[in-house]
Amino acid sequence: MNVAFLLIPKINVSYLYDDWTLRQALEKMRHSGYTAIPVLSRDGRYRCTVTLGDFLWYLVDDPDAPLAPRDIHETEKVMLRDIMRPDSNPPVRIDAEIEELMGRALEQNFIPVVDDRDAFSGIVTRRDIIAHLLRSCMNE
């Protein structure tokens with residue numbers, strides 16, 4: 001069985017665009033209720049995952065940095081791409097097998113999935129992987 005069986009498609013996933021401001025990203029995260037969310041380029045490619053921790057560390061790491069906002073209005077000047085960590089939460093291909101997901105699910109709540117053109121297809125959640133494994137065990 002491959003990833004496509006467990007995929008939550010892009011249309012049902014909250015995500016951010018890398019050209020949004022810090023304020024836009026924070027507002028979307030607040031509205032969605034998620035603490036981690038995928039970031040896409042405007043052409044639909046997966047860039048990384050950002051977390052609330054990424055935003056907090058950006059704000060406290062270097063308070064003298066020229067991009068460190070001092071009030072909420074200054075967050076409109078900081079671009080999301082300025083705080084992204086491109087190596088966070090790497091994606092898997094749509095044809096990946098479930099075994100590849102299991103190790104990744106130990107470290108992250110969801111795994112981003114891309115197609116053969118590196119376009120974001122959706123996510124597979126840790127919850128769905130565990131539920132699938134439980135169903136498999138119960139059917140044996």
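I began with the sheet, which is open and has three strands in the order β2-β3-β4 with mixed pairing; strands here are DSSP runs of E with at least two residues, helices are runs of H or I with at least four residues, and both are numbered from the N terminus, while two strands pair if DSSP finds at least two bridges between them. β2 (16-17) and β4 (46-51) stand at the edges with a single partner strand each, so one side of each has no neighbour in the sheet.

I noted that this is a predicted model, in which local features need pLDDT of at least 70 and side-chain atom pairs count only at pLDDT 80 or more, whereas totals for chains, interfaces and linings use all residues. Residues are numbered from 1 along each chain as its sequence is written, and side-chain values use heavy atoms, with hydrogens and water left out.

I then followed β3 (residues 36-40), which runs antiparallel to β4 and is joined to it by five bridges. Ala-36 stands opposite Thr-51 in β4, and Leu-40 has Tyr-46 as its bridge partner. The two strands form a hairpin with five residues between them, and Gly-44 in the turn has a positive phi of about 90°.

I checked helix α1 (residues 22-32) next, and found that α1 lies across β2, β3 and β4, running at about 135° to β3; the axes are lines fitted to C-alpha atoms, for helices over the stretch in contact, and angles run from 0 to 180 degrees between N-to-C directions.

Where is Ser-88 placed? I located Ser-88 in the loop between α2 (52-61) and β5 (92-93). Ser-88 is buried, with a relative accessible area of 8% (buried means under 20%, exposed over 50%, partly exposed in between, with a 1.4 Å probe and protein chains only). Leaving aside neighbours within four places in sequence, Ser-88 is in contact (heavy atoms within 4.5 Å) with Tyr-46, Cys-48 and Thr-49. A polar atom of the Ser-88 side chain lies 2.7 Å from the backbone oxygen of Thr-49.

Technical notes. A polar contact is a pair of N or O atoms within 3.5 Å; within protein, one must be able to donate a hydrogen and the other to accept it, and residues adjacent in sequence count only if both atoms are side-chain atoms.
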